[in-house]
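Please look over the sequence and the model shown below before reading on.

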Amino acid sequence: MTTVELSGVEGGDISVAAAISDRMFPLGTHTKPLSTIDEDDSSLSSTATDIFDSNDALTKGQWAYDSKGTWRRYGSSESATSTGISSICSSVLADKPDDQGIFVSMSKKRMADGSMKQNNSTPDIKPEDSPAPVTSTEITITAPLSESRSPAQKRRGRPPKDKTTIIPPAGKARRASMISKLQDRVRPRSSLPAQLPKDVFASECIEAAQASRLDPYALHIGEHQLLSELLMHTEVTIYLNIRNAILRLWQQNPLCSITVEEAAGCAREGRFFGLAEVAYKWLVRNGYINFGCVEVPQDELSLRRNTKQKTIVVIGAGVSGLSSARQLDGLFAQNSEHWTDAGERPPQIIVLEGRKRIGGRVYSKPLRSQVDGSLPGNLRNTAEMGAMIVTGFDHGNPLNTVIRGQLGLRYHLMTDALTIYDTDGQAVEEKTDQINTELYTDISDRAGDFRAEPQKFNTLKGDEELIDRARDPIVGGFSGFQLEPLFPVDNAKHRKPVLKRGRRRNAPPGTEKLTGRSRVIEESDAAQSAARAAKTMGWQLKDGVAKNQSISLRETARAKQHPTLGKVMDEAIEQYQDIVDLTPQDMRLLNWHHANLEYANAAPVSWLSLSGHDQDTGNEFEGAHSEIVGGYTQLPRGLMNLPTKLDVRFDHSVDSIHYNVSQDPALTTKVVCTNGEVFEADEVVLTTPLGVLKADAIDFDPPLPGWKQGAIDRMGFGLLNKLVLLYDKPFWDDSRDMFGLLNEADYHDSLDPAHYAKNRGRFYLIWNASKTSGRPMLVALMAGHSAHEAEKMDTDTLLGEVNHRLRKTFSDAEIPAPTEVIVTRWKRDPFTRGTYSYVAPETRAGDYDLMAESVGNLHFAGEATCGTHPATVHGAFLSGLRVGADVMEALTGPIILPNPLVGPSPIKAESSVQYHLPAISTAAYRPAIPSTQMVSGATMSGSITVGEPVINVKQEQDLADPHNAPSLSATTTKPPPLAKQPSGPPRNSVCAADQSFWLQSAAFESSDLDYEANIIAAILVALGDRPIKPSRPGVNPFLLFTKAKWEECRLHCAALASSTSSNKSSSASDGKEAIRGTIGKWWKALSAEEKEPFLLQGRQAQEVADQARREYEEGALKWDEGARRIRREFMVEHPPPAGSGGVGGKRKTNTSASVVLDYA
């Protein structure tokens, strides 16, 4: 089940990627409704399965050049990838750091042969055979690499590359371990677009990393643990550039898998193919590339069918179960050599599903009455029983890859327009709605002061300046960057703004009501007093209320060991009643927001943890929310059937699991079904909902350990129900996607928050599902306590209540009886026992991670195991990718790293090649040849006459292999005489006529220094010291305010810290950060009149600074003119010493050729 968290960023116009096959979604015949009321309590578990075959049309016509010459995918609505960075500890790989933290060794050096020399021990790795020596030779070939899995030529989704850069490798061409050995087969940079501007390419790479939930400038925690002791500092940037480039290829077209040749081509030098291999292996294993419904490369299998084969059993055919099975299927194909080399077949995957359908809590129930042509593409009319919202496609949602990039499903982008109707049927005034929304936001902010701070992980970071420009560090330093200008880069555009408690600061007001999360932004009024904040919102303060009067929630928050969010927020509402006049309508509006929060968490606010209810904050996706046209079930169907059909066994409800906790090969793992069938397995993936685990519906042998069972018991599993109403024609505004209804308290016009808890979630929000179902349909939500009441109430009662509310709301229209009525009762479903997880008061910070931990060969997946995206479909999907990596590590071990990881560096070999000069007199030329170059006897070049001058010329060659360096004894014959003279002007010099071009030997005499000292002394005696440039004064009004209020704020923060966290220790730096943050809030809270003294002081200081700067500039100009005049007069009266080469210069430079000629 997914929560509705509408973001505020519009995702663009609606378009359709590719029509799904008619066989995939067969349209039922048009039938008349059988009855007015179609109550279907058991339909959540008993609907027949729909099977479809793959459709070749999915991959046709998807990519082409647009009018601007850009290679892009057509047929899907891809808005620009949002720029921002999610948590670098992605849920795809739930690695745990050491208890002592991460230690980064800096005592490392890359040796000439590519090995690493360091003082600290390196982690255990499995080295492979050393690759062939890296050479600088590039082999040009003509035969393109053939596809091993599909004989027909496959249309590439990326721009066509130069096929002559690749030759068919010998042996197993598709193996990832081949990447580090492809120096003679793949040309470096072959996957990097040569004609694309560097800034555009860099931006695409950065956005691709962010779209994959990775930090483009730092290693993921999994990458850090794998490589932190094996990479030099500069190599981190090189690795990140390679990894981001691979992700760019995948994000451009996820219909085509990334091959090992493409991964190798993302390296700029052949010696970095090892880094490309590691990046490719890590991205594939952890589900960042080559995941979903895409065909992946694999070796041809020539083994007999009776060959030994392992078995993986996946329990549950929901989104998490199907994504884990699909991911394992792809991983086994891409790593098949691990088994085929040992004479085995890759493991088989069996999915056990207790229902007669797939999807789990994603279920689009077909309507009894189908209307031909009501939806495009011959799609069926369905109603969403469970998940129905995709919470933004951008900024890392993996469903974007599958839904839009691979399956090409149609979807409807939702608008944020929302009207709320009161109990009398009248629409709430916009001003009243706005000020109550802002008041609820302020209360949420104040309750958020008691939330637990998430743990942060520091990993190795690359050079952001280089990554922003798609450049690798230059061997030997960065001085080479001065040879060409760096194009400007706006680093801010790649930085995601800090999100707090789940709301985006630019979200439209209507959308924010539906996020179900508290909204806290930098401009929050929580730092202000409650009275001042209410005044700013537009509330009228009660008589006698001071502007600095506030509310205190600390006592309520500390009253219990496990405080709840609802208790604290209700206390805040009651205290606000002493500051402003809250009417009964205001109370109904505030409790409407309570109901929306209960919908997001599937539990009453009084059941939510105060400190951790929004522990997934900061991981929200960007873009408008959307609904899948024709039903969300299309997603699990695609996962089951594409690219090959998974082995799903229906009507196989699991009774017990006998797993191997000790990895003893003598023990057999068995999965026993209620129908008596037994499956033996090597690894088991359990994806049943948390509600099933809490109900002890499955027996475990041995019993689950205490730490696992404790997490199951502490976490909450909530409930949300729906009432679906189908009509012949709409009587509501069909252009709106939703409208809200306020509910009365238990006692009419009560001002007590407790009197609203029971009924506030009853039909509080009604969705207009006409655009996605193809029929006039309303879906009324029942959240909080009302969701549990719906489990007990009969359908006629619920229908009567909702009809009464609709007739009041739309009094001008005739409200007919619905043609079909469906009520969900998820608590009764034995395969779910509820909807989705929430953070209960007893839940601990690490319980979601404990839920994801494996127990022996028993692995766990599902939304309740994804701490960064719980209670969502994409969270379930991500958990499937994560558990795929867990199973692969259990079967094959950790990722095997190439050895060496980085090839040998280019060596600048020096060879002394001796040239014989003609018999000439060297005295006539400057500079003279040093006596040390006058040799006699025989040399390696042959014999010369005594006294013949010999010049050792330094020859530099970039060699990848020291064995290829030229030998010093290679020259055995006398070379021709030099064409260039050793001194004097060169024949082809651009400055040959300028005699001062050559350095004069007399320039090194000390008399020049004395002469210059006399000139300086004369200047100082006549003019004195040169004026000193004034320092920049502090004219920032905020800095002046900070200086004035620092001590006061320090005492305030100290008192606050001592009262709130007396049992915690904090560093001095943390204290300073708290003071700075509080002063910033104080400054923002000041009125214009209160800021004026500091603004005036700043303006006055600026005037003084401007005057001082003008005086300096005038004085410096006058002093410089006088100094030049005195210098000229001194040199006329006292000429320079004879033979001097001029004062002040010791080196003459040929600037035109950028060559320094320095003879001694």
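## Charges over rings

The charged end of arginine 357 is placed over the ring of tyrosine 363, at 4.0 Å from the ring's centre, where a charge is said to sit over a ring if NZ of Lys or CZ of Arg is within 6 Å of the ring centre and within 35 degrees of the ring normal. Lysine 708, in turn, lies over the face of phenylalanine 860, 3.8 Å from the ring centre.

This is a predicted model, in which local features need pLDDT of at least 70 and side-chain atom pairs count only at pLDDT 80 or more, while totals for chains, interfaces and linings use all residues. Residues are numbered from 1 along each chain as its sequence is written, and side-chain values use heavy atoms, with hydrogens and water left out.

## Aromatic pairs

The count comes to 19 aromatic pairs, taking rings of Phe, Tyr and Trp (its six-membered ring) as paired if their centres lie within 6.5 Å, and calling planes under 30 degrees apart stacked, over 60 edge-to-face and the rest tilted. Among them is the stacked pair of tryptophan 282 and tyrosine 288, with 5.2 Å from centre to centre and 15° between the planes. Tryptophan 282 and tyrosine 288 are buried, a word used for under 20% relative accessible area, with exposed meaning over 50% and partly exposed in between (1.4 Å probe, protein chains only).

Phenylalanine 1041 and tryptophan 1083 form a tilted pair, because their ring centres are 5.3 Å apart and their planes stand at 50°. Since phenylalanine 1041 belongs to helix α26 (residues 1037-1060) and tryptophan 1083 to helix α27 (residues 1068-1085), the pair ties together parts that are 42 residues apart in sequence; helices (H or I, at least four residues) and strands (E, at least two) are DSSP runs, numbered from the N terminus. Phenylalanine 1041 and tryptophan 1083 are both buried.

## Helix α13

In helix α13 (residues 530-537), the buried residues are Ala530, Ala531, Ala533, Ala534 and Met537. They line one face of the helix, because they fall within an arc of 160° when seen down the axis of α13, the arc being that of the directions from the helix axis to the C-beta atoms. Their cover includes α10 (430-447) and α15 (565-576), with contact meaning heavy atoms within 4.5 Å. Just after α13, glycine 538 takes a positive phi of about 115°.

## Cysteines

The count of disulfides comes to 0, a disulfide being a pair of cysteine sulfur atoms within 2.5 Å. Cysteine 256 counts as buried because its relative accessibility is 3%.
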